[in-house]
Each structure stands twice: as structure tokens, then as C-alpha cells.
Amino acid sequence: MSSERPYPQYSTYAEGGRSPSLLSQEYPRPTFQPDENYYPKNPLVEPSFCSREESRKFGAASFCGFLEDTVEVEHCLVIPAIAAIRRLPYDIPPTAEQDLYKSATDEGFHAEQSQQFLTDLRSHFGLVRSEEDRTPLFLRRLQNQRSLEPNPFYRDLITVLNGVVTETRISIELSRFAVDKSLGESVRRVCRSHAEDESIHASQFKALGQWLWGEFDEDTKIAAAGFYTASTIARSLPDVERLAYCFHASTGRPLRECQSLIYSIYTADVLIDRLIVESQPTVTFLQYLGADKYIPFSVALEEERRRLNSELTSRRNALEA
Ligand SMILES: [Fe+2]
Ligand SMILES: [Fe+2]
């Protein structure tokens, strides 16, 4: 399939007058001063800490989770998405394709920069990677979704759309860290340089998502709306198992006690509320595309709420057994 349709406009480094962060090769490192905080305070969990140090260590563990996700997102979601574009049966204009390949180069540096900070934090606070962190929850869900899809075209489409979903939200998430004065300067710097690159990527991937949507026939739009919705939910849902593990690592209390506490705080309704906040940039983009006309996000959320209620009941029952 080829297209004469104009490609949507998007931002580039050249027009913004700045260079990608990989050219500066800066690696902000934590200083470990006692007032250096690594993650915004979690108001739901905060009352359960016995000391300021427990709270700070929970922040360090939470930021490690965030960095772990960043490394995985770059190498396992965004770079594969860019590589899969060429396998789709659409002829993306060469300049747009070339610019997307430039962003794949950026992502390798972001992963390396994150890995450095992650290694420093883990080693200073004695944080061990949990089994779950070896493949984050959202990635397990997306891999499972893709493995169940029998159509090879749809499998590649899922890979590309997962990239669009993650790139519509990451610059906003990073910018929140970059301006948060409660966080250490090292945290803000590593997030700021990444956020600046991601504002270009977000613009590029929105253009890609918009252009592809115009290329899809009706059957593909129906399928793509489903893939977008599943990806948006998977990417934005808090991971209760990781939260419990971070609480265990920061307080030294038995893991089962921490799981019980976290499962009582993070009910299905709380998780869905967090998901709605985190997914807002992606949902706005999907509404702009018109994808929500095929699968209303509100309907998908109610399905997810039911699934979560059942999952959390099983988790609580397993703890009491
Ligand atoms: Fe990135
Ligand atoms: Fe990116």
C-alpha cells in the first residue's frame, strides 16, 4: 500500500536549536547527601513508615523501579517499535522514517544513562532487584498480548502501537520529576535531559500514530483501537507487587506483611484512579485520533476494574491461606 497523503508535521532537534542528550554524554549521579530524595512522597504509604530514612529508602527503591522501566521501555518497546515500522504494509515517507531512526539512537543513550543511576542507587542502598523487576509487569502483559495474536501483521502492529502509546506519555512523566523541587538535583537533571529529548519523540510518534490511523482500513482501525486500549492500560497500571517489594526493601518488615498492607491500600478503585491520571496524555491522543469511538476507554476501564477486583481477592486469599 502506498499513500499520497501528507505526513503530519512534527518537531525536530534542528528546528528547536538543540542537540540530543546523547551528544553531551552527561551522566548525572546521585550524591547520597541525607536530604537527597529520589521520588515524590507517596501519600498513601507515607503514614506506614517508622522513620524518615525508611521513607527516603522507599523513594530510592521506587526510583530504581522507574529507571528499570525506562531501560526496558527503551530497548524492549520503543526501539523494537521503530524496527517494526518497516515491516508494516505502509510506505512511510523517507524523511519521517529517517527521523524515527534518529530517535532509536537517542533511546539507547537514555537506557545507558538510566542504568548508571540505577546501579549507583542499588549499590548505595543495598537494593536487590526483585524477580518481578527482571521483566516489568507492563512488559509481561504486552508480551502476553502479542504472543496470543495469531496474525503476523497484527503482531507487528501491536509492537508499533506500543511504541506510540509509551512515547505519548513519557515526556510528561519525566517533566513532572524535572520540576519537582522536593527531589534531589541529580534526579531532576537526569529526568530533565531525557524529557527534553522525549518532547521531540512524542511529537514524532504522535505524527506516526496519526498518519498510520489515516492509512488503516476499517477492520484495521477496529483491531488497532483494541491494541491501543490494551497497551494504554498495561503501561499505566501501578504494579502492586513492586510497591510491596519496595516497602519490604525499605522497612525490612516481612514481605507477606508488606504485601498485606499494600493490597489493603491499593484497592481496584485506587489502582483505576491512578491509571486514569497516568494515562491521560495517551487517552487525549486516542480521542484526537477517534480510536475511542471504536472502544470507549471508560468501558475498557470497567472491565479492568472487574479483573483487578478478582486478582486482588486471589492475592489476599493466598496471603491468608
Ligand atoms: Fe527515551
Ligand atoms: Fe523516546
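**Reading helix packing and burial**

Analyst: Tyr228, Thr232, Ile233 and Ser236 of helix α8 are in contact with Leu275, Glu278, Ser279, Thr282, Val283 and Leu286 of helix α11. By class, this contact of α8 with α11 holds 5 nonpolar, 4 polar and 1 charged residues. Note that the model is a predicted one.

User: How is such a pair of helices described, and at what angle do the axes of α8 and α11 cross?

Analyst: Two packed helices are described by the distance between their axes and the angle between them. Here α8 covers residues 218–236 and α11 covers residues 268–289; their axes come within 9 Å and cross at roughly 150 degrees. Angles over 145 degrees count as roughly antiparallel, so α8 is roughly antiparallel to α11. The crossing of α8 with α11 is right-handed.

User: At what angle do the axes of α5 and α7 cross?

Analyst: The axes of α5 and α7 cross at roughly 135 degrees and come within 9 Å. That angle makes α5 oblique to α7. The crossing of α5 and α7 is left-handed. On the α5 side the contact is made by Gly163, Val164 and Glu167, and on the α7 side by His201, Ala202, Phe205, Leu208 and Gly209. Sorted by class, the residues of the contact of α5 with α7 are 4 nonpolar, 3 polar and 1 charged.

User: Next, burial along a helix. Which residues of helix α6 are buried?

Analyst: In α6, which spans residues 170–178, Ile170, Ser171, Leu174 and Phe177 are buried. Seen down the axis of α6, these buried residues fall within an arc of 120 degrees, so they line one face of the helix. The elements that cover the buried residues of α6 include α5 (152–167) and α7 (185–215).

User: Which residues of helix α10 are buried, and what do they pack against?

Analyst: The buried residues of α10 (residues 255–265) are Cys258, Gln259 and Ile262. Viewed down the axis of α10, they fall within an arc of 100 degrees, so they line one face of the helix. They pack against α9 (240–251) and α12 (297–320).

User: Take one of those residues. Why does Ile262 count as buried?

Analyst: The test is a count of neighbours: a residue is buried if 20 or more other C-beta atoms lie within 10 Å of its own. Ile262 counts as buried because it has 23 C-beta neighbours inside 10 Å. Leaving out residues up to four places away in sequence, Ile262 touches Val240, Leu243, Ala244 and Phe247.

User: Is Leu243 buried or exposed?

Analyst: Leu243 lies in helix α9. Leu243 is buried, with 24 other C-beta atoms within 10 Å. With residues up to four places away in sequence again left out, Leu243 touches Pro238, Ile262 and Tyr266.

User: Where does Asn144 lie, and is Asn144 buried or exposed?

Analyst: Asn144 lies in helix α4, residues 137–147. Asn144 counts as exposed because it has 10 C-beta neighbours inside 10 Å. Asn144 and Ile222 are 78 residues apart along the chain, with their C-alpha atoms separated by 20 Å.

User: Last, the backbone. What is the phi of Gln25, and where does Gln25 lie?

Analyst: Phi of Gln25 is near 50 degrees, a positive value in a residue other than glycine. Gln25 lies in the loop between α1 (13–16) and α2 (52–85). With 9 C-beta neighbours inside 10 Å, Gln25 counts as exposed.

User: And what is the phi of Phe32?

Analyst: Phe32 is not a glycine, yet its phi is positive, about 65 degrees. Phe32 is placed in the loop between α1 and α2. Phe32 has 13 C-beta neighbours inside 10 Å and therefore counts as partly exposed.

Definitions and conventions:
Residues numbered from 1 in each chain as written. Chains lettered and ligands numbered in written order. Predicted model: local features only at pLDDT ≥ 70, side-chain atom pairs only at ≥ 80, totals over all residues. Axes fitted to C-alpha atoms, helices over the stretch in contact; angles between N-to-C directions. Helix = DSSP H or I, 4+ residues; strand = E, 2+ residues; numbered from the N terminus. Parallel < 35°, antiparallel > 145°, perpendicular 65-115°, else oblique. Left-handed = near helix turned anticlockwise from the far one by under 90°. Contact = placed C-beta atoms within 7 Å. Nonpolar A, V, L, I, M, F, W, Y, C, P; charged D, E, K, R; others polar. Buried ≥ 20, exposed ≤ 12 C-beta atoms within 10 Å, placed from the backbone. Arc of directions from axis to C-beta.
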